[in-house]
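Dear colleague,

My notes on it follow.

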Amino acid sequence: MERANRVGLDGVYPSPWHCLQDRLGFPHPSRTAEILDCNTPISDNKLFLALTTLFPVPAMTGIFAEAEILVSIRNLVFFRGGRKIFDNVSLDIPRGKITAIMGPSGTGKTTLLKLIGGQLRPDGGHVSVEGRVVHKQSRKELYEMRKRMGMLFQSGALLTDLNVYENVAFPLREHTRLPESMVRSLVLMKLQAVGLRGARQLMPGELSGGMARRVALARAIVLDPTMIMYDEPFTGQDPISMGVLVKLIHNLNDGLELTSIVVSHDVRETVAIADYVYLISEGKVVAQGTPEEIEQTPSPWIHQFMHGEADGPVPFHFPAPDYADDLLRYGKTFAASIEV
Amino acid sequence: MLDSIQTLGQNTLQRLEKLGRSCLFILRVLTGFPDVFLRFRLLTAQIYSVGVLSIVIVSVSGFFVGMVLSLQGYNVLSDFGAEQTLGVMVAASLVRELGPVVTALLFAGRAGSALTAEIGLMKATEQLSGMEMMAVDPLRRIISPRFFAGVVSMPLLAALFSMVGVIGGYFVGVGLLGVDEGAFWSQMRAKIDFHDDIVNGIIKSFVFGVIVTWIAVFEGYDALPTSEGVGRATTRSVVYSALAVLAWDFVLTAMMYGDK
């Protein structure tokens, strides 16, 4: 009974309605604290999902004006290996802004970027970029669309057999017939923008992680795209590299009037530059708004995530049988075997 | 019992699905054939990588195989007083069978495994995804040059193998065992037919080139993007190539020489 109360699905207390109120951000602090007991073996995140399944909350789309939206995702459903990665997700990415998509590891943030880039096909719903449904484009149309998208991969994805200069020149050589002198000027301009003009002769293997990402960033902007997608740009970076990348993303977005989508779970750095934030967990958008709005959301789960706290509704322990029972089980089995 | 039948069915379906994927894959590669000439520098670079760098191993192997053939052939032929036909035996064995087959096996081990590992690693390090996002088709930029380089290199390497093998056979047969030099070469010239032996050998090595390179590039492209996945793909590439070469050798031999 105690466990059922904690989960809150037995209709006694706390009721689904209380949890739904919490999901919508209505103030009821005392009950929220009880519902989202830190020791509960099921995270409140799962509780939210159970409740939003029982009582679907309409997606908060329509926040941005139609003309403002560059990427529109509607009722997105996506499965991988039988696991539902996205369950009816709808969100909009506004033009000219930095939109952060955050959430715990393994929630499908990178998958979302691949869906936007047309590398994966959704199982339901659609993703539109500039009003065109991505997965309905022919290969040629998709490639034309991608010329206006830049993507910074987590690993940098630099071509290991080309040096820094050739890596940045690669898209120009593939898609344009510019004279070599102009290719050189463009490449040097982009490398200057990321501060690595002096490293143009180095091979990717000679670069640090942060430098590799900056080169990849120079390559992503060399065709002057309208949008750049950043996949975990800050992961594994030292504080200086991280600061450089934060500044670069911000400056490039403003200077080149880009639309940026930053997928990350580095909260502090991402929130510092984001204009709008989506929090995704277990296949759903669990919160959205400006960084200030997200900060003020009363949900303990969001608070725990945003502040990186060890204690909170997300349990430290993976679900397991009772600790004492588990420890004593071998002793009991051993004793029984002796008695026999 | 039911479980094992279910597993068998599941495995069969997976294999068929993979076969279908590989057929679609090679179709896309073949349709990109004209692009190879637009990227001729990539093709020559790959011919150097898979072909030229295989010359040493193919030459050394060919030389030893030729020497062994000559030694074994001399022992058998001398029992019948037919050691003067040693040149024919060595050349025919090499040009018809050993040249294409052993070269294909060596190629699978040296160049095929390297192709699989290289492409698999490119996938694991997101280089292929990166290219796709830069609107560059990796099949045309990465796979096609490697595939056509393999197809072009294999017949040349097989011809080299046979040539060096004949020299090895000559070295042992004439140089060490005392077979008459004139008989060695004249018998060979008289009995080796250009169409039946040499052209058929070239056709075989061309087919093996297609098979081995197809398997190598597909396994790399289809590899799981992890270090373990790339390792497994490389092993599969060599094993499947060897089995496919031996099986297709039988089929081709039956077609070429079966009615004689």
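A contact here means heavy atoms within 4.5 Å. On that basis, B:Ser129 touches A:Gln119 and A:Phe153, leaving aside residues up to four places away in sequence. The model is a predicted one. B:Ser129 belongs to helix H6 (residues 127–133) of chain B and is buried, at a relative accessible area of 18%.

Chain A has 14 helices and 10 strands. Of its 340 residues, 49% count as buried. Among contacts in chain A with a separation of 6 or more, 64% are between residues 24 or more positions apart. The accessible surface of chain A is about 16,700 Å², 55% of which belongs to carbon and sulfur atoms.

Over all chains, the whole structure holds 23 salt bridges. One of them crosses between chains, from A:Glu174 in helix H7 (residues 164–175) of chain A to B:Arg141 in helix H7 (residues 138–176) of chain B. Its N to O distance is 3.1 Å. A:Glu174 is partly exposed at 24% relative accessibility, whereas B:Arg141 is buried at 13%.

Within chain B, the side chains of B:Glu97 and B:Lys204 form a salt bridge of 2.5 Å, N to O. B:Glu97 lies in helix H5 (residues 86–124) and B:Lys204 in helix H9 (residues 194–222), so this pair ties together parts 107 residues apart in sequence. B:Lys204 is buried, with a relative accessible area of 0%, while B:Glu97 is partly exposed at 25%.

In chain A, salt bridges link A:Lys84, A:Asp87 and A:Lys284 in a network.

With kind regards

Terms used
Residues numbered from 1 in each chain as written. Chains lettered and ligands numbered in written order. Predicted model: local features only at pLDDT ≥ 70, side-chain atom pairs only at ≥ 80, totals over all residues. Heavy atoms only, no water. Helix = DSSP H or I, 4+ residues; strand = E, 2+ residues; numbered from the N terminus. Buried < 20%, exposed > 50% of the residue type's maximum accessible area, 1.4 Å probe, protein only. Areas by Shrake-Rupley, 256 points an atom, 1.4 Å probe, with all protein chains shown as cover. Salt bridge = Lys/Arg side-chain N within 4 Å of Asp/Glu carboxyl O.
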